[in-house]
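Dear colleague,

Please find below the structure that I am handing over to you. My findings follow after it.

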Amino acid sequence: MINRWLTFAAFLLLGSGFGWVLAGKDGIEPGLLVAGFAWLLLDSLHISRLLRWLRTEQNVEEPGVLSSMAPGIGGVWGDLADRTRRLLKSRDRRYLESQVRLNEFLSAMQASPNGVVLLDADGRIEWCNQTAAQHFGFDAQRDVMQHIANLVRDPVFTAYLASGNFSRDVTIPGGRSTPARPVRLSVHLHAYGNHRKLLLSRDITSLELAEAMRRDFVANVSHEIRTPLTVLSGFIETLQTLPIKDAERMRYLGLMAQQSQRMQTLVNDLLTLSRLEGSPFPDTSEWVTTSALLAQCEQEARALSAVLASSGHRLEFETGPPCELAGVQNELLSAMSNLVTNAVRYTPQTGLIKVSWRVLEDGRGEFQVLDTGPGIAAEHIPRLTERFYRIDRSRSRETGGTGLGLAIVKHVTQRHGAELRIESQPGQGSRFSIIFPATRMRVIQTHSA
């Protein structure tokens, strides 16, 4: 500020001096007036340039563009311009830093596996991530500032939004949910800021499906065990309370042994499934010959056929070229044996069951079971590998099936990198195949003498 007054005094001194030189004493006063006017004009010019720069800076939306273009002004106004420029640069730096943090925060919410929607005080969408757009069927760009109630019209959500009580979440169908592929969302609102709301959504379709499968599993196991237990308890009560002839007692004991074996088979299958699901995938250090596996399957199939069919089935086994498979022998045998024994159980007497092994042209191996049984309708095939899924429950119980065989086959094939294929038509029999990858099989080279 002192410099400003010194500059003004210098102007007056120079003006009075010029007036003295030009007109003597009479020129001092005009010289002072001219010098004061010149100083005021120059000062106004500096102020005008400073104001014009500040107005321009105020109208610029992008930060950091003009803050370095401050006009070169001397004196107090130059000092003010320089200080203003530094303040603007500091403002721009803080703005850019906050913008970076905001972008990082939005990127984090964008990467969230849960849906995130920011709502203003009136319930309009300010921002949503891509997950929320998929959950509700939004367009992340087009639907900005649309009211959430206009886009999510489920009655449960509408009542939840209107209640104002957001202490719990609600479950609603997803925006792209269909009867064939239902989608279930858990939705929770959180109030924040000045009456704004944060909407979080989570896809719980798989959780609900898993819970339904758990309930079905418990119900099926309970049912499968309760039936033989009821039979056993009934026979035990009969043997304890009634005088029975030896022949009748032996028949009852035989039926009790049959039901006991049925429960034992069920428990063994359940333990097998539990072991398959909880153990690591097998490596390629253990090898087993396909001929040994097929020989064991043939032995079990002929024994079961002798029990179920008085006249027997027509069983054909083709071992194919000698090969070895990498994997766990017990698991491979369990999968193959389940396919063969299923064919025996469901094929009528004198029906044909053909079991074969062959090497495909691309180096993969195929284990195939072909039967002339009743066949399977197309709508049942996708669900055959579900636990306890049966097409005909009464038929399964008559033949001694537990409903877990194909579930075991599915897990074994997946663990060995193989593929299970099922082809069937009602009245024309069925074809079950396990395709093993070339990396898990090798052909045994035979050398003739």
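This is a predicted model: local features need pLDDT of at least 70, side-chain atom pairs count only at pLDDT 80 or more; totals for chains, interfaces and linings use all residues.

Residues are numbered from 1 along each chain as its sequence is written, and side-chain values use heavy atoms, with hydrogens and water left out.

Strand 1 covers residues 115-119; strands (E, at least two residues) and helices (H or I, at least four) are DSSP runs numbered from the N terminus. Because 5 of its 5 residues are buried, strand 1 is largely enclosed by the rest of the structure; buried means under 20% relative accessible area, exposed over 50%, and partly exposed in between (1.4 Å probe, protein chains only). In a regular strand the side chains alternate between the two faces of the sheet. Here G115, V117 and L119 lie on one side, and V116 and L118 on the other.

Strand 1 runs antiparallel to strand 5 (residues 196-203), with 5 bridges, and antiparallel to strand 2 (residues 125-128), with 3 bridges; strands pair if DSSP finds at least two bridges between them. L119 has K197 of strand 5 as its bridge partner, while L118 stands opposite W127 in strand 2.

In helix 10 (residues 329-346), 13 of the 18 residues are buried.

The structure holds 0 disulfides, a disulfide being a pair of cysteine sulfur atoms within 2.5 Å. C297 is buried, at 1% relative accessible area, and C323 is likewise buried, at 1%.

V21 belongs to helix 1 (residues 2-23) and is exposed, at 66%.

Yours sincerely

Definitions and conventions. The expected span of a helix is 1.5 Å times one less than its number of residues.
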